[in-house]
Amino acid sequence: MGAHRNVVRGYADELRLFGTPAARAGLVAMVVVFLVLPTVVQDDFWLSVLIYVGITAFGAIGLNLLTGYCGQISLGHAFFIGAGAYVAARIGGELGLPLPVWLLAAAVLGAALGGLVGPFALRLRGHYLAIVTLGLVFIGEHLWRNLTGITGGNSGTPVTAGASLGPVDFGALNLFGEVYSRNQGWFWLVWGLVALVALLAKNLVRTRPGRALQAVRDRDQAAEVIGVRAGRYKIGAFMLSSAIAATAGALFGAYQQFVSPDEWNLLLSIQYIAIVIVGGLGTIFGSVLGAIFVGALPALIDRYSDAIPGVRTGVGSEGFISVFALNQALFGVLIVLFLVFEPRGLAGIWLRVKAYFKAWPFSY
Amino acid sequence: MTAFLQNCFAGLSLGSTYALVALGFVVIYKSTGVINFAQGGLLALGAYLGYTFSNNLAVAFGVAVLLCCVSAALVGATFERIVLRRMVGQPPFAVIMITIGLLFVLEPLVTAIWGFEHKQVNNPWNIRTVEAGGLVFGVRDLWTIGLTAAVVLAFFLFFRYSSLGLAMRVTAFDPEAALAQGISARRVYATSWAIAAALAALAGILMAAGPGGLTPSIGFIALAAFPAMILGGMDSPAGAVLGGLVIGLAEALARGYQDELFSWAGDNVSVIVPYLLMILILLIRPYGLLGTKEVRRV
């Protein structure tokens, strides 16, 4: 008689990515949704929302590696995202190099900048590190405003980076005689890259480096005692996370086609932190869930603001609160509610639901 | 020399504001282990409440200042009671996010009630100045420095000699031992939030009475007070005051000598001076100037 499908008999079973039939069915469902969604939802508004959500998920995975797995708090994510966007503008747009080159260039620059901040992570702990990385956002903003040759200064710079991979141009897809819009192409590009980086991150955290990162997070000195080079892993986590952030920034810039220094502010960093926390610290899947949740909410409010009473949609219209202010307030309320009632985030809810069905018909 | 002293005076006045806000950070951090990002929101709320008392209800400015501090303190204590009390024992970063959430609620609330317009608070100082020894002192700056000194002194006396102050210090040192001695941790937490909010409101109304007037972006000053707190050491009230003054002086001097010394670094270098200074000092002293070095055990 064969063992039950959920029985784990060894370490290798435990580590399998899609070990159960349910998980495999989930994988198939995700692939189908990925392939079919842009052809079903052709509306440019919703596609662009999904693309921004994808880019945010990409960056959030990087932050979760750093904060959720390595326990290093960074409020400087916006700085690295901005740096990546300018790489896309200069290397992808001005020099006209292809997609893989400017994505990699952004990752390399991000890693280098992260390596510069890394030494602070060694000396400082917790809150001190959070505030130093907060300083990074302001220093970065000053740089972006003054390095006019690279960033275009206050007035911003166009990003004309192309999105073609070999013969396939995601900006104007033409497959099997079928012509797809820019948004449809970008959806496949961005979410394909999200899947790639999620797999990379998942593989990282379920193998030796990931275990080491978690040991450093839980107690770095104890980790040193059992032979984990805590310093090396802290800097490594910073570099990896900034590289991912910069790549996300490059995608953001190239999709939006224009960037200005106002975008890389503290609010952006805090949004990423909120995504990681709302999604669930220390879970890759949670970063994606959080990005969908936090990223789609403002778009929904923006879209349906006419139907919400008391909201001012235009300059002269009635209402006591603007769409932007309502967004911000709701964002704040959500963070508070989430943390008070579900500190483990969306991934925590998901795990509970999963555990319930796994143990069914027994309640625990 | 006159220009230098004049810049130093401006720095002291700015630094006093930073010191007030940073002291609020430290009070909350010391007793609850939380960095309060909502300090800027409380500052803005306090300043606007002061505006309402002073302009709309036409009470005397001194009374308005008192009233706005008291009402901000109530808001702070209420928030602690309703939300943060539930978070005791949660990871510190989750609690920090909650304070960020509060900031995001307070900011739109302030603009929804008072609007975005530039407002001028009725106050007895306005732009009056006194001259002494070739220097020009703004009356408001003098009052800011004086009031800050008085409030800081009062705080230290309270912290050192009153039984509630003692309870706060004990709770900061060892919460469990404090509970075992019959100290009400709830009262201590609520008090720290009330004190921090009142300090922020005072800083806010003093700023609003100045030449800049009152705009919703007034809360940003709290962000520049972060370096002040870190510079002095997060768990040291004296460090917060020292850090505030140092940051204020550095910023004012950088602004004063912008054209002569810092033109190569772009416009408004003074805005990032607090952060650069903070990073420099942390490289040398990772726990700030007066902070206690954390002892870590495996």
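**Aromatic pairs in the predicted model**

A search of the whole structure turns up 22 aromatic pairs over all chains, where rings of Phe, Tyr and Trp (its six-membered ring) pair if their centres lie within 6.5 Å, with planes under 30 degrees apart counted as stacked, over 60 as edge-to-face and the rest as tilted. This is a predicted model, in which local features need pLDDT of at least 70 and side-chain atom pairs count only at pLDDT 80 or more, while totals for chains, interfaces and linings use all residues. Residues are numbered from 1 along each chain as its sequence is written, chains are lettered from A in the order in which they are written, and side-chain values use heavy atoms, with hydrogens and water left out.

A:Phe252 belongs to helix α11 (residues 230-256) and A:Trp264 to the loop between β6 (258-259) and α12 (266-279), so the pair ties together parts twelve residues apart in sequence; helices (H or I, at least four residues) and strands (E, at least two) are DSSP runs, numbered from the N terminus. One aromatic cluster takes in both of them, along with residues including A:Tyr52, A:Trp144 and A:Tyr255.

Over in chain B, the ring centres of B:Phe37 and B:Phe226 are 4.7 Å apart with planes at 50°, so this pair is tilted. It links distant parts of the chain, 189 residues apart: B:Phe37 in the loop between α1 (2-32) and α2 (39-56), and B:Phe226 in helix α9 (residues 221-232). Both B:Phe37 and B:Phe226 are buried.

Conventions. Buried means under 20% relative accessible area, exposed over 50%, partly exposed in between (1.4 Å probe, protein chains only).
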